[in-house]
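User: Can you walk me through this model? I'd like the sheet, then a helix pair.
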Amino acid sequence: MIFMRGVATVFVLALATVSALQPEPRPAPPSGQPQPAPPAQTADPAGQEPVQPVFRAGVDLVRVDVSVIGRGDEPVRDLTAEDFEVKEDGVLQTVETVQFVEITGERTSDLNEGLEIRSPEHGRLEARREDVRLFAIFIDDYHIDKAPLTNEKVKTIVRAFVESLGPNDLVILMDPLTPLTHLEFTRSKPDILERIRTFEGRRNQIFPVKSLIEEAQLTQRNVWELRAGVTIDAITAIATHLGGLREGRKSVVLISQGPPVTIGSTNDQRLREAVNAANRGNVQINVVDPRALGQAPFGGSYSLRRLADETGGRAIIGSNEPERHLGDIVADASAYYLVGYTPTRAAQNDGKFHDIDVRVKRPGVRVRARKGYWAPSEAELTAAARTAPVVDGVREALEELARPRSGRPVDLWIGTSRADHGRSAVEFTWEPTGRAGRDRPVTLQVQPVIPGPEDTPLADVQAIDGRPIGAPGPSVARFDLPPGDVVFRLTALAASGDVVDRWTESVTIPAFPADVLAFATPRVLRARSPYEARALEKDPSPTPVAARAFRPSDRMFVETELYAPADAQPTLAAHLLSAEGQHLLDLTVPAANTGSPFRIAVPLSSLAPGTFLVRLEATSGERTSRQILAFRVSP
């Protein structure tokens with residue numbers, strides 16, 4: 001497929017991808033048959049297990065997203081809890097919460113920030129925003145005819161759908177063999193259209209062989225059944241992936257003539273698992289058959305109908321102009337209600353499927369909602385509790401890592417720590433970014449001010465000269481100030497003394513009272529050679545680095561201080577986490593006195609390229625303190 005970013009040589013079995021979601025085991029294939037190989041399951045660049053999404057109903061509150069359309073095909077916006085009637089397994093439920101969600105595709109905040117996706121990490125952060133619509137365009141080339149008219153229709157469908165999206169929408173483009181590690185959120189319409197420019201369907205086509213997985217398929221007599229399983233498992237994987245990003249509706253647009261599925265077969269079980277994964281994650285699967293009216297079998301494909309009907313999606317089948325109906329998919333993702341209720345059944349965590357029937361008492365409206373959900377079992381909840389990652393602070397750390405620098409010529413680090421007489425210390429250091437061209441900054445001037453026409457100074461200007469690691473003395477500016485909100489004026493100067501850039505930074509300076517357990521802002525230290533490593537070992541006050549991107553050959557240390565009450569005996573711990581907040585490794589914490597700096601080594605050489613976090617924890621009785629910082633490892 002022309003739009004694949006790359007072909008993975010290692011694939012994780014779909015059973016591993018979704019086993020934590022399923023109340024029943026998948027039937028095993030006949031002896032000697034390989035399982036279809038789905039996309040690799042993880043969204044974490046480090047290759048770790050993903051955070052498995054749980055249907056947001058959890059144990060107590062069930063939330064189901066409901067589209068209500070009135071006259072003129074416009075969404076109805078003024079419904080209340082009294083207007084909804086919800087039945088679960090035929091039993092009337094009490095609607096407790098109703099929230100109307102409307103997303104237009106336009107940016108509603110951070111209007112000065114560019115919308116271009118700068119990295120996979122930035123894409124995932126954007127995907128968690130409340131004002132972003134999420135779409136996955138799944139082109140099932142395994143089940144699309146190679147006929148020229150059909151291929152052109154696929155391109156027309158994709159073009160029409162992409163052009164209907166707003167500037168703030170995020171899109172994933174994939175096919176059955178695209179691993180999740182290669183998925184990229186994008187807002188670039190030209191990029192998507194270029195990737196489908198030479199598309200050709202591959203239904204009933206053996207050659208050319210695209211990967212090692214397809215070579216393995218050729219050794220089996222049931223290659224078409226295997227390929228159907230690959231497609232269905234890939235649908236399960238993308239539904240699981242999207243469902244773990246955030247609450248609210250996510251949409252898959254599946255362009256396919258339908259993978260063949262025999263009722264009661266192994267692939268029928270897989271199809272059920274795909275539906276379950278979508279329902280757990282509030283993912284709506286919309287299906288589009290590119291064949292014209294009369295070309296598709298009467299009634300459409302069983303698998304396509306089931307995917308759409310049981311996830312609340314739309315089935316665009318048997319239409320000569322399917323592109324005319326794509327706006328309905330976008331509209332469904334734009335305005336809907338999140339309706340919540342607590343099930344009245346006695347055993348809430350029974351691991352069973354429960355039918356949901358949603359109706360609106362107001363006449364003349366059309367209602368679209370999912371058909372039901374699988375409740376988690378007690379065993380699943382117990383297992384999830386044992387392996388649940390600590391995610392407090394993870395989002396903030398990743399947002400700081402992805403924070404745009406607004407084209408500044410320097411990367412800036414700002415840290416706070418305890419000072420004397422109830423004050424707090426604020427420290428600045430910087431590194432050039434290379435964005436200044438010939439006017440490379442060599443000095444950064446920093447001054448705290450009271451904003452106003454004259455910017456009343458709170459302290460004298462301090463100049464930070466750029467210098468290599470190992471140079472004598474710290475290259476930082478430090479101000480001891482009362483806690484509170486302070487504005488700092490920063491000026492970057494070239495060697496000639498000319499101003500390269502001038503801007504302000506607003507900083508909230510925390511207090512560090514004597515009776516509180518708290519960390520100073522962690523400082524990241526880096527050594528890129530044995531010489532720099534020896535210099536770090538000897539330097540009691542080394543200059544922290546502002547950058548957060550490292551190579552496996554670098555040596556990285558995290559240094560901080562812990563402040564604790566006089567009567568406390570805190571316990572310190574440090575952990576290396578994946579980008580999703582999952583525990584990877586316990587880091588060695590040296591013995592340290594309260595208020596004294598201590599350093600923790602981070603083993604970069606053992607990490608694959610990707611994004612990681614370091615979590616510092618201190619515990620003393622009921623008191624706890626935590627700091628999380630994010631960093632990247634580059635190839």
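User: In what order do the 4 strands of the open sheet sit?
Analyst: The order is S4-S10-S1-S12, with antiparallel pairing. Strands (E, at least two residues) and helices (H or I, at least four) are DSSP runs numbered from the N terminus. Two strands pair if DSSP finds at least two bridges between them. This is a predicted model: local features need pLDDT of at least 70, side-chain atom pairs count only at pLDDT 80 or more, and totals for chains, interfaces and linings use all residues. Residues are numbered from 1 along each chain as its sequence is written, and side-chain values use heavy atoms, without hydrogens or water.

User: Which strands stand at the edges?
Analyst: S4 (95-102) and S12 (366-369) do. Each has a single partner strand, so one side of each lacks a neighbour in the sheet.

User: How many bridges join S1 to S10?
Analyst: 5 bridges join S1 (residues 62-69) to S10 (residues 335-341). Val64 stands opposite Val339 in S10.

User: Switching to helices. How do the axes of H7 and H8 cross?
Analyst: H7 (residues 266-280) and H8 (residues 302-309) have axes that come within 9 Å and cross at roughly 25 degrees. Axes are lines fitted to C-alpha atoms, for helices over the stretch in contact, and angles run from 0 to 180 degrees between N-to-C directions. H7 and H8 are therefore roughly parallel; that label covers angles under 35 degrees.

User: Which residues in H7 meet H8?
Analyst: Asp268, Leu271, Arg272, Ala274 and Val275 in H7 meet Tyr302, Ser303, Arg306 and Leu307 in H8. Contact means heavy atoms within 4.5 Å.

How values were computed
Parallel < 35°, antiparallel > 145°, perpendicular 65-115°, else oblique.
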